[in-house]
Amino acid sequence: MHASRFRLGVRFWYALSVGRLPRIGAPVHHSPRDTARALEYADAVAEVDTMIAGLPLPAKVRLLTAATTWRVHEDPTIGLGPIVVSDGPAGVRGEVWDEREPSLSLPSGTCLASTWDEHAARRYGEILAAEARQRGVHVVLGPTINLHRSPLGGRSFEAFSEDPLLTARMGVGYVQGLQSGGVAASPKHFVGNDSETERFTVDARIDERALRELYLAPFETVVKEGGAWTIMSAYNGVNGATMTEHPMLRSVLKEEWDFDGLVISDWGAVRSVVASATAAQDIVFPGPTSPWSEGLQQAVESGAVAEADIDEKVRRLLVLAARVGVLGSHPAPWADQSESAPGPEDRDLRDLAIAGMVLLRNEHHTLPLDGGNIGSLAVIGASADAPRIQGGGSATVMPHRVSSPLAVLRSRLPNARIHDSIGSPVTDGIVPFALRVVTDPETGLAGVRVRFLDERGAVVHSERRESCHLVWLGNAPAGAGVVEIDTIFTPDSTCRTELGFAVEGEAWLWLDGALHHHAAMVPDPEGLGAGLLSPRSSSAPIELAKGVPMRLRLRYRYPSGGEFFSGSLSVGLGTRTPADARDRMLADAVRAAASSDAAIVVVGTSEQVESEGRDRADLRLPGWQDDLVEAVAAVNQRTVVVVNSGAPVELPWADRVGAIIATWFPGQAAGDALADVLLGDSEPGGRLPVSWPAALASVPVHQVTPRDGVLDYAEGLHIGYRAWLQRGIRPLYTFGHGLGYTDWSIDTVTVADPRSGDGLHDDGACAVTVTNTGARRGSTVVQVYASRPDSGVERPRRWLVGFRRVTLDPGAQARIVIDLPARQFAHWDGQWTWESGTFDLEVGFSVMDVRRTASVSCAPDDECPAAETYGG
Ligand code: BGC
């Protein structure tokens, strides 16, 4: 069937895309307002070289190591104000890790990617920009665009997907949304930081083709199309060179991709002077001391590093300063924007969380629940009351508030009897005390008294804090080495539990003056990793009596933090569920479920399981949550399991429950969003951005442990669904899968000519007619995969080449056009190459749910090759 014809070109240039500030002299296609900004920028760049010429070498070198953990040095002599950077990527924490300075907590990267919606990613970036502006932040350290190579990756919750195209599209939306607000993005971590084990030193061995087609691809797109103003270089090495010294910083990033922004190092990733400075690393974080602050000036004076290289780094830094509005007289680009940051109640956060929730299973229309007809509902799980809204590590923000599913369901179902039960802990570690049970002995106000002591025991700093999980990143008071926490703890239940702490180092815990527990944990050599941001717990048994206060004192001697992380420590104080509570807790949950019309069980992971700094050891739910689900499902046929994890976990009971929803880490709107979905006010919009295995053992690629410092990406191109397809096996839930509350058909597919003559794209598109065949308004994601059965080169069996979300009323049909970027049909063989001949297009609702096929043929010529295309 001859359908249509379009040009499938070899070029993939988006350099002039909207939102990117053009280079001087480049044609400008902007609104008058954008044009004004671009002119300001051009003026700034013109001034930058004059500024640099007037700066002595020490002043230039000084600028190239951060002033603090989160700030770049100012230089009033050239009108350079402070540039403040902040984690990122799912909120804007600011310069302190402090519950008294809360910020919005947005859904995790996996949740955002599950929307398969670039507009959602853009909105997400805009929210971050507004938040950053309010908090005086100029650079947000995100998005995380490493790939889910293995489900064990400890930081997968932060990253988007196992697929480079989906990751790239989400990345572009995020970067452009953020930068449209005048705040720089810092896509990270360039490149090969796809797992956490030995992350500072591991050498990822990645063949050239996999590197280009998988791992570099999202970075390429966020640079060329997204126009990212900074990039963060990773800790790890790739193919023998550590990333802050890697030739790719210059050859690929700056020369081939024309990246005109600033290469920021990951925190402590620069460990050399000459090798990193000559390899096109631009600035070192954190400061104030670094190998560069110690040795770069001398290296230039001795001729080991060219002064021109220093000038180039300073130029990039000053261009960033101009872009974010802190250079000279150039006003902040957002100065005249009246919009203020959305408040913590913002509907957007809730909508984003809903759009990312994935309905994995829904037997016999278990969901949505009919709120009007529910007489009683069991709401079970520790995460039902205190959901996990974010992953652990540097991505953590202090939320203003967290909406609790249990509390929201209670208020939304005022006439139903709600039976709540914890059933199982979600962590093997301590759970920090809630604010309501602790009182600062000094002021009598809620909280704890924190004192920093010097070597002689003298108090160097004292403050009241309102959290029992406290972190200082480089900002602990100078001169101290011990922290003491005093509080009056008034238990809110009578029970036998354990009382303890989470620290890295040595600590003592006294109760009413008597030593309760002492432990010395060997500090984690990976520094800022798990050891600091998610320290291990230690505890001892205790009988608590409700309402009877006791005086607690924790004394913690913290490690110095070494060269890079001095002044950094983390401490938690709280209770831990003893293992022998299991039977009692399960019995209580079963009682609740057995006497209810339906049961909602919220299971999930904790900060100890999914955190920066360490990979997961397995994919099991912590505690006895699997037993909990089995026990509840055995007594209640309408059991809905809500999986509150940032990445896949094993669900051994999956075929014995009515419905399963993956919420990921949904951010602070967790409870409201989940209740909307459970009660059918909203449809869960998510589609899996990652294959969801039944068991770790069946996962084709999961190795994250380096051997002799080397992590071999031996699978080459075949990660994620590509690997499952190669082996001819199915995961429990396939990449792209997700149900809604309505049904869909794909009626026709034609390969169409999407647009003509704008000179920017040589890409193709296909047109798909799709019908909402169900009874309610809803949305779905139409996914287009390519395959090339007769290919002369090794290829995945099928790979994603385009997708589009569509929302329709019941019975409505629409014709949607899905972009098919030319690059998706190229392979790397030392350059991008288009194999002539026919590619099959497979169109459906997941990588293994193909509904229609078409084909496109490619016949490259020298310039911009035309392609005959056929569809059907
Ligand atoms: C992480 C980065 C983060 C930085 C600052 C590093 O350990 O890898 O993602 O932005 O710390 O917190």
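Start by selecting Phe190, Val191, Tyr215, Val782 and Leu841: these residues have the most contacts inside the largest nonpolar core of this predicted model. That core has 108 residues. In soluble globular proteins, nonpolar side chains tend to be buried together.

Next, keep Phe190 and display what surrounds it. Leaving out residues up to four places away in sequence, Phe190 touches Leu216, Phe219, Ile231, Met232, Ser233, Ala234, Met243, Met248, Leu249, Leu253 and Trp257.

- Asp87: an N or O atom of its side chain is 2.5 Å from an oxygen atom of the ligand.
- Tyr235: a polar atom of its side chain lies 2.9 Å from a ligand oxygen.
- Arg199: a polar atom of its side chain lies 3.3 Å from a ligand oxygen.

How much of the ligand's accessible area does the protein cover? On its own the ligand has 310 Å² of accessible area, and the protein covers 100% of that.

Last, colour the protein by pLDDT. The mean is 90, and 89% of the residues reach 70 or more. Select residues 1-33, where the pLDDT is below 50. This stretch has 100 contacts in the model beyond near neighbours in sequence. Then select residues 753-761, where the pLDDT is also below 50; that stretch has 11 contacts beyond near neighbours in sequence. Where pLDDT is low, the predicted coordinates should not be read in detail.

Conventions: Residues numbered from 1 in each chain as written. Predicted model: local features only at pLDDT ≥ 70, side-chain atom pairs only at ≥ 80, totals over all residues. Heavy atoms only, no water. Core = buried A, V, L, I, M, F, W, Y, C linked by side-chain atoms within 4.5 Å. Buried < 20%, exposed > 50% of the residue type's maximum accessible area, 1.4 Å probe, protein only. Contact = heavy atoms within 4.5 Å. pLDDT = per-residue confidence, 0-100. Polar contact = N/O pair within 3.5 Å; in protein donor to acceptor, adjacent residues only side chain to side chain. Areas by Shrake-Rupley, 256 points an atom, 1.4 Å probe, with all protein chains shown as cover.
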